[in-house]
Amino acid sequence: YKRKYTLPEQLESLKAQSYPVTNIVYFVNGHIESSPVDYDLISKFGVHIIECSHNYGVWARFSVALNYDTDFFCILDDDIVPGTDFIKTCIE
């Protein structure tokens, strides 16, 4: 959330994964006025957004992920841009 300049590259890289990514969720764990959410960019990529008005700490992201019916989930922070085979490597 503090490195929002990486978001376009992150979303592009998730869409280009060699293993199909079916859901992308953007989790805002507390609002930071100096880093507003780019809703236009997020909607362009068809990303589901979940926002909390309070920062619930690092563990909240896992609670969010457990609400999705999937065999796998991968949590990426704003400081990583995954390579094309990142998800495939994690699953294998």
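Q: Among contacts in the chain between residues at least 6 apart in sequence, what share joins residues at least 24 apart?
A: That share is 58%, where contact means heavy atoms within 4.5 Å. Bear in mind that this is a predicted model, where local features need pLDDT of at least 70, side-chain atom pairs count only at pLDDT 80 or more, and totals for chains, interfaces and linings use all residues. Numbering starts from 1 along each chain as its sequence is written, and side-chain values use heavy atoms, leaving out hydrogens and water.

Q: What does the pair of R61 and D77 tie together?
A: R61 sits in helix α3 (residues 60-65) and D77 in the loop between α3 and α4 (86-91), so parts 16 residues apart in sequence are linked. Helices here are DSSP runs of H or I, at least four residues, and strands are runs of E, at least two, numbered from the N terminus.

Q: Why does R61 count as partly exposed?
A: Buried means under 20% relative accessible area, exposed over 50%, and partly exposed in between (1.4 Å probe, protein chains only). R61 has 23% relative accessibility, so it counts as partly exposed. D77, at 38%, also counts as partly exposed.
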